[in-house]
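I am opening a notebook on this structure. The entries below record what I looked up, in the order I went through it.

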Amino acid sequence: MSNLAGLTVRWSLVDAPAGVEDALADYVAGTSHARFSAMDGLRFKTWRMVSGQWFEGCYVFATAEDRAAFQEQFTATADTSPGSQIIGSSPILIEECAIVSVAEGASGFEAAERY
């Protein structure tokens, strides 16, 4: 069976400063979205958040090799990454996963800097 290579990076927001959710959304819209939109080997990235609980990046790479290269580089700098600097702590999870399937709904896919 051949699945796409996924990666989840999650930070806790439990002890993050007030206003961190807006700061993260501003960072994604102003910097991160463009960086990942142009990344070789990346199929797509989704940023997810539950206010006061967690913030994460969900990555889907074209190959396991693309994921491994990104994961190695990111893990080495995770403590000083922009997300860690904004939140004030390192990720609590950096986890590989297999992407089994992706469906595009009838309303269509919309890539946007901010929703």
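Entry 1, a term to settle. I call a residue buried under 20% relative accessible area, exposed over 50%, and partly exposed in between. I apply this to a predicted model. My test case was Glu96: at 46% relative accessibility, Glu96 counts as partly exposed.

Entry 2, the sheet. I asked in what order the strands of the sheet are arranged. I found four strands in an open sheet, ordered S2-S3-S1-S4, with antiparallel pairing. I then looked at the edges and found strand S2 (42–50) and strand S4 (93–99) there. Each of these has a single partner strand, so one side of each is left without a neighbour in the sheet. I also noted the twist, which averages 20° from one strand to the next.

How many bridges join strand S1 to strand S3? I read eight between S1 (residues 4–12) and S3 (residues 54–61), and the two strands run antiparallel. As one example I took Ser12, whose bridge partner in S3 is Trp54. I turned next to S1 and S4, where seven bridges join the strands, again in an antiparallel run. Here I picked Ala5, which stands opposite Ala98 in S4.

I checked which strands helix H1 and helix H2 lie across. Helix H1 (residues 20–37) lies across S2 and S3, and I have its direction at about 180° to S2. Helix H2 (residues 64–77) lies across S1, S3 and S4, and I have its direction at about 25° to S1.

I began with Glu56 and Arg10, whose closest N and O atoms are 2.8 Å apart. This pair links distant parts of the chain, with Glu56 in strand S3 and Arg10 in strand S1, 46 residues apart. Is Glu56 buried or exposed? Its relative accessible area is 3%, so I list Glu56 as buried. I also noted that Arg10, Arg48 and Glu56 are linked in a network of salt bridges.

I found the side chains of Asp26 and Arg114 meeting in a salt bridge, at 2.7 Å from N to O. Asp26 sits in helix H1 and Arg114 in the segment after S4, and the two are 88 residues apart. I looked up the accessibility of both. Asp26 is partly exposed, with a relative accessible area of 43%. Arg114 is also partly exposed, with a relative accessible area of 43%.

Which residue does Glu96 form a salt bridge with? I found Arg67, with the closest N and O atoms 3.5 Å apart. The pair links distant parts of the chain: Glu96 lies in strand S4 and Arg67 in helix H2, 29 residues apart. I compared the two ends by the rule from my first entry. Glu96 is partly exposed at 46%, whereas Arg67 counts as buried at 12% relative accessibility.

Notes:
Residues numbered from 1 in each chain as written. Predicted model: local features only at pLDDT ≥ 70, side-chain atom pairs only at ≥ 80, totals over all residues. Heavy atoms only, no water. Pairing = 2+ DSSP bridges. Axes fitted to C-alpha atoms, helices over the stretch in contact; angles between N-to-C directions. Contact = heavy atoms within 4.5 Å. Salt bridge = Lys/Arg side-chain N within 4 Å of Asp/Glu carboxyl O. Buried < 20%, exposed > 50% of the residue type's maximum accessible area, 1.4 Å probe, protein only.
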